[in-house]
Amino acid sequence: MKKYTLIFALLATFIVAAERRDNESDRVEPFVINGVEFASQEAYIKAGHRCTTVMPTPDDMAMIEADIAFVHDREVYKGKPGGSQPANCDGFAPPLVEITTYVHVITNGNQGNLSNSEINAQINVLNAAYASSGFAFDVVSVDYTDNASWYTMGHGSSAEAACKSALRQGGAGDLNIYLAGIGGGLLGWATFPSDYQSSPLMDGVVLLNESVPGGSAAPYNEGDTGTHEVGHWMGLYHTFQGGCRGNGDYVDDTEPERSPAYGCPIGRDSCRKGEVDPIHNFMDYTDDSCMYEFSSCQIQRMHEHFNTYRL
């Protein structure tokens with residue numbers, strides 16, 4: 001009897017070990033975005049390619065909080081610049097703000113020639129994601145530019161500067177979206193509201209064209225790269241900003257995260273505080289299918305940034 005018990009125990013151990021190897025092989029499966037291969041999705045996230053928006057420095061963040069505090073009731077910021085919002089922002093009723101939106105499609109011959117239906121699908125995703133925030137995106141023009149250099153522009157490149165200098169329209173409160181086959185496996189980037197005064201021509205959002213709904217950039221092909229980058233354009237930081245300590249993302253109703261999440265890790269508690277990470281928030285790094293919300297305080301913060309820097 002002991003002999004059979006030992007055999008069954010060894011067999012169970014073998015099965016568990018095999019399952020563990022299978023799970024580990026799943027995690028290290030090569031991950032490809034726009035023709036660029038990474039060792040795994042985790043490697044892709046750690047490489048910083050999910051979003052290349054440049055975060056403000058700590059000093060700049062402090063200045064931003066001070067700017068916002070002058071525009072709004074200082075009680076919202078606990079009476080001092082650099083403070084954070086109260087945890088309960090449910091009393092904030094967001095006004096309706098229609099944002100004039102210009103879409104610029106950059107092509108390289110037949111590459112990247114998005115159809116009207118594909119562009120409309122992206123805008124529909126934005127309007128659905130921001131519906132509870134009071135912001136609505138009204139597309140007034142779509143233009144197409146065939147330029148091989150601009151098509152694969154990188155963040156901070158001379159090609160990006162030339163493209164935006166030639167195509168950007170409107171003022172501080174108008175959104176310019178650039179859709180291109182951006183290089184390096186990048187998905188997109190944006191500028192912050194506080195950047196506008198010093199560099200108005202660079203203002204806007206750049207997106208990989210294959211990240212629009214139905215594109216090839218799975219699992220980031222449902223349009224929420226656009227939602228995420230527009231969130232930065234509205235003034236939001238990543239939910240994992242600052243890790244587990246400090247001011248984090250300056251929003252009190254998003255739980256802190258030690259690091260960006262990817263996939264859709266239900267129940268993740270990276271800061272070990274007994275509260276799950278905000279993996280469903282549009283400002284994390286999870287798959288598009290996992291994202292579906294902004295928090296109440298994020299919505300209030302977007303309006304504060306818009307009123308401070310974009311009106």
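Predicted model: local features only at pLDDT ≥ 70, side-chain atom pairs only at ≥ 80, totals over all residues.

Reader: Let me start with the sulfur links. How do you know that Cys89 and Cys297 form a disulfide?

Author: Their sulfur atoms are 2.1 Å apart. The cut-off for a disulfide is a pair of cysteine sulfur atoms within 2.5 Å, so the pair of Cys89 and Cys297 qualifies.

Reader: And what is the handedness of the link between Cys89 and Cys297?

Author: That link is right-handed, with 95° about the S-S bond. Cys89 sits in the loop between α3 (58-71) and β3 (97-107), while Cys297 belongs to helix α8, so the pair ties together parts that are 208 residues apart in sequence. Both Cys89 and Cys297 are buried.

Reader: How many disulfides does the structure hold?

Author: There are three disulfides. Another one joins Cys244 and Cys271, with sulfur atoms 2.0 Å apart. That distance, too, is within 2.5 Å, so Cys244 and Cys271 count as a disulfide.

Reader: Why is the disulfide of Cys244 and Cys271 called left-handed?

Author: Because the torsion about its S-S bond is about -95°. Cys244 and Cys271 are 27 residues apart, and each lies in the loop between α7 and α8.

Reader: What makes Cys244 count as buried?

Author: Its relative accessibility is 17%. Buried means under 20%, so Cys244 falls on the buried side.

Reader: Which cysteines make up the remaining disulfide, and how far apart are their sulfur atoms?

Author: Cys264 and Cys290, with sulfur atoms 2.1 Å apart. The link of Cys264 and Cys290 is right-handed, with 65° about the S-S bond. Both cysteines lie in the loop between α7 and α8, so the pair ties together parts that are 26 residues apart in sequence.

Reader: Is Cys264 buried or partly exposed?

Author: Cys264 has 36% relative accessibility. Partly exposed runs between under 20% for buried and over 50% for exposed, so Cys264 is partly exposed. Cys290, at 2% relative accessibility, counts as buried.

Reader: What is the pairing when the bonded cysteines are numbered in sequence order?

Author: The pairing is 1-6, 2-4, 3-5.

Reader: Now for the charges. Why is the contact of Lys46 and Glu42 called a salt bridge?

Author: The side chains of Lys46 and Glu42 meet at 3.1 Å, N to O. A salt bridge needs a side-chain nitrogen of Lys or Arg within 4 Å of a carboxyl oxygen of Asp or Glu, so Lys46 and Glu42 meet the rule. The two are four residues apart in helix α2 (residues 41-46), and are therefore separated by about one helical turn.

Reader: Are Lys46 and Glu42 exposed or partly exposed?

Author: Lys46 has a relative accessible area of 67%, so Lys46 is exposed. Glu42 has 32%, so Glu42 is partly exposed.

Reader: How do you know that Arg310 forms a salt bridge with Asp203?

Author: The closest N and O atoms of Arg310 and Asp203 are 3.0 Å apart, and the limit is within 4 Å. This pair links distant parts of the chain: Arg310 is in helix α8 and Asp203 in the loop between β6 (188-190) and β7 (205-208), 107 residues apart. Arg310 and Asp203 are both buried. Salt bridges that share partners also join Arg168, Asp203 and Arg310 into one network.

Reader: How many salt bridges are there by this rule?

Author: The count comes to eight. Another of them is formed by Asp277 and Arg268, at 3.0 Å from N to O; Asp277 and Arg268 are both buried.

Reader: Which residues form the positive surface patch?

Author: The patch is formed by Arg245, Arg258, Arg272 and Lys273. Lys273 lies in the loop between α7 (224-233) and α8 (296-310).

Reader: What makes Lys273 count as exposed?

Author: Lys273 has 51% relative accessibility.

Key:
Residues numbered from 1 in each chain as written. Heavy atoms only, no water. Patch = residues over 30% accessible without salt bridge, like charges linked within 9 Å, V, L, I, M, F, W, Y side chains within 5 Å. Areas by Shrake-Rupley, 256 points an atom, 1.4 Å probe, with all protein chains shown as cover. Lys, Arg positive; Asp, Glu negative; His and termini not counted. Charge placed at Lys NZ, Arg CZ, Asp CG, Glu CD. Buried < 20%, exposed > 50% of the residue type's maximum accessible area, 1.4 Å probe, protein only.
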